[in-house]
Amino acid sequence: VQADVAAGRATAEQLCESPQALIVVPTRELCTQVTNDLQTAGKVRNVRVLAVYGGRAYEPQVEALKKGVDIVVGTPGRLLDLAGQRKLDLSKVRALVLDEADEMLDLGFLPDVEKIITMLPAKRQTLLFSATMPGQVISLARRYMSQPTHIRAAAPDDTGATVANIEQHIFRAHSPDKVELVSRILQADGRGLTLVFCRTKRTAAKVADELESRGFASGAVHGDLGQGAREQALRAFRSGKVDVLVATDVAARGIDVDDITHVINYQ
């Protein structure tokens, strides 16, 4: 970047206006989160980071690409759209990151991701991040990486599937009693921010409404809501204005919020 030229680490010829790194993420929420973190990390060196995802207008994204960016973070659909319209030039990408690769598989993004990979230079660094490593993710790594190294990030004494300091409880309940049961859990002593995961958009909307009618400060995040509403609910949750967030899987990997004390899997 420009700062490297100023410091004498690089020549002006090495600079380019097209993205040098591409980060592909499965959800819009994760896209904004990764972008914010990279902007914070690259602030001093003035690294230009751009988030591209659906549900938002094309024009500002295209404008920013014209001006020049160093890192693009995006969801597969919008990345393909922009690349297909020749608005996004991927020929100079030196590093590709596939974030939450297993989630990409679950959401059926694999064909899109493969299309994106074919647009990139053959000589590049490829990084895959994934909470779990199902067979398909491993075969993806074998297909697109040369001599990959598998790095496992876990505490040495932590052998379980979940972190050791998480206490788990299972409650069996009939469908009509579920919201009541959640309400009782939400009245627990010392409960902080709480995430409630539902399997469908409809259930998420219904549970959020029912909790609100019982007097809990609750918000919802699911695919049927507009992008603005999704972002607003997350902001309210981060700031603590809303302390119960009811969500579908769309938010499972896109929320990095401190002080969450309870996570409830509703279904």
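**Close-up views of a predicted model**

**View 1. Gly108 in its loop.** At 47% relative accessibility, Gly108 counts as partly exposed (buried means under 20% relative accessible area, exposed over 50%, partly exposed in between, with a 1.4 Å probe and protein chains only). Gly108 sits in the loop between α5 (101-106) and α6 (110-118); helices (H or I, at least four residues) and strands (E, at least two) are DSSP runs, numbered from the N terminus. Look for Pro26 too: Gly108 and Pro26 are 82 residues apart in sequence, yet 9.6 Å apart in space, C-alpha to C-alpha.

A note before you zoom in further: this is a predicted model, in which local features need pLDDT of at least 70 and side-chain atom pairs count only at pLDDT 80 or more, while totals for chains, interfaces and linings use all residues. Residues are numbered from 1 along each chain as its sequence is written, and side-chain values use heavy atoms, with hydrogens and water left out.

**View 2. The open sheet of 5 strands.** The strands follow the order β2-β3-β1-β4-β5, and their pairing is parallel (two strands pair if DSSP finds at least two bridges between them). β2 (49-52) and β5 (125-128) each have a single partner strand, so one side of each is left without a neighbour in the sheet. From one strand to the next, the twist averages 15°.

**View 3. Helix α2 against helix α10.** Helix α2 (residues 28-41) and helix α10 (residues 227-239) pack at about 55°, with their axes 11 Å apart. Axes are lines fitted to C-alpha atoms, for helices over the stretch in contact, and angles run from 0 to 180 degrees between N-to-C directions. That makes α2 oblique to α10 (under 35 degrees is roughly parallel, over 145 roughly antiparallel, 65 to 115 roughly perpendicular, and the rest oblique). Contact, meaning heavy atoms within 4.5 Å, involves residues including Arg28 and Thr32 of α2 and Arg230 and Leu234 of α10.

**View 4. Strand β7, covered on both faces.** Ser218 and Ala220 on one side of β7 (residues 218-221), and Gly219 and Val221 on the other, are all buried. β7 runs parallel to β8 (residues 244-247), joined by 4 bridges, and Ala220 stands opposite Val246.

**View 5. Two buried cysteines.** Cys31 has a relative accessible area of 0% and is buried; Cys198, at 5%, is buried as well. The structure holds 0 disulfides, a disulfide being a pair of cysteine sulfur atoms within 2.5 Å.
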